[in-house]
Amino acid sequence: MKRFSFSLQKVLDFREFEKKQAETELGKAVAEETKIENNLELIAKQRVETVATADGVHDINALYGINQYFQLLDQRKEKLLEDLTKAKLVTEEKRDVMREAMKKCKVLENLKEQRMAVWKKDEAKREENEIDDIVTSKYNAQEKNQ
């Protein structure tokens with residue numbers, strides 16, 4: 001029995017490679033997004049801690065410093081929010097690329113499965129014909145001997 005050979009296997013392998021690359025890129029984009037979100041949470045925690053510390057402060061210079069710190073935190077927060085928006089756009093683009101790569105892979109995998117099913121059917125038919133030929137030749141040989 002000969003082995004099944006898919007003529008587009010190299011294309012399928014390439015599509016799978018592209019899919020893995022897209023998965024990697026998507027993972028990096030999601031990691032960047034998560035990193036930014038973690039930094040935003042850290043800024044929120046720092047703000048809460050500073051508010052708790054500032055409750056007991058009565059020195060005007062210290063309060064001015066705390067106010068300056070709040071402004072710095074707000075600036076960082078605004079920058080991180082901008083970065084997060086950009087990161088979300090990049091992540092969505094990477095998701096689209098990933099979906100497209102998965103779609104291309106799936107089409108070729110389905111084609112391969114269809115061709116394999118046809119090949120199996122043809123192989124079964126061929127084997128059946130060979131068995132029929134063997135049985136027929138043995139039957140004919142026995143009749144000639146009698």
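How many aromatic pairs does a search of the whole structure find? I ran the search on this predicted model, and the result is one aromatic pair.

Next I looked at Arg 47. I find Arg 47 over the face of Phe 70, 4.5 Å from the ring centre. The side chain of Arg 47 also meets that of Asp 74 in a salt bridge, at 3.0 Å from N to O. Arg 47 belongs to helix H1 and Asp 74 to helix H2, so this pair ties together parts 27 residues apart in sequence. Arg 47 is partly exposed at 32% relative accessibility, and Asp 74 is listed at 32% as well.

I then checked two buried residues. Thr 50 sits in helix H1 (residues 9–54) and has a relative accessible area of 11%. Beyond its sequence neighbours within four places, I note contacts of Thr 50 with Ile 66, Tyr 69 and Phe 70. Leu 73 is in helix H2 (residues 60–145) and is buried, at 1%. Setting aside residues up to four places away, Leu 73 touches Ile 43, Gln 46 and Arg 47. I also took the C-alpha separation of Leu 73 and Phe 14, which comes to 47 Å.

Last, the salt bridges. I count 13. One of them joins Arg 15 and Glu 18 at 3.5 Å, N to O; these two are three residues apart in helix H1, so about one helical turn separates them. Glu 130 and Arg 126 form another, with the closest N and O atoms 2.3 Å apart. Those residues are four apart in helix H2, again about one helical turn. I also logged a network of salt bridges that links Glu 92, Arg 95, Asp 96 and Arg 99.

Terms used
Residues numbered from 1 in each chain as written. Predicted model: local features only at pLDDT ≥ 70, side-chain atom pairs only at ≥ 80, totals over all residues. Heavy atoms only, no water. Phe/Tyr/Trp six-rings, centres within 6.5 Å; stacked < 30°, edge-to-face > 60°. Lys NZ or Arg CZ within 6 Å of the ring centre and 35° of its normal. Buried < 20%, exposed > 50% of the residue type's maximum accessible area, 1.4 Å probe, protein only. Contact = heavy atoms within 4.5 Å. Salt bridge = Lys/Arg side-chain N within 4 Å of Asp/Glu carboxyl O.
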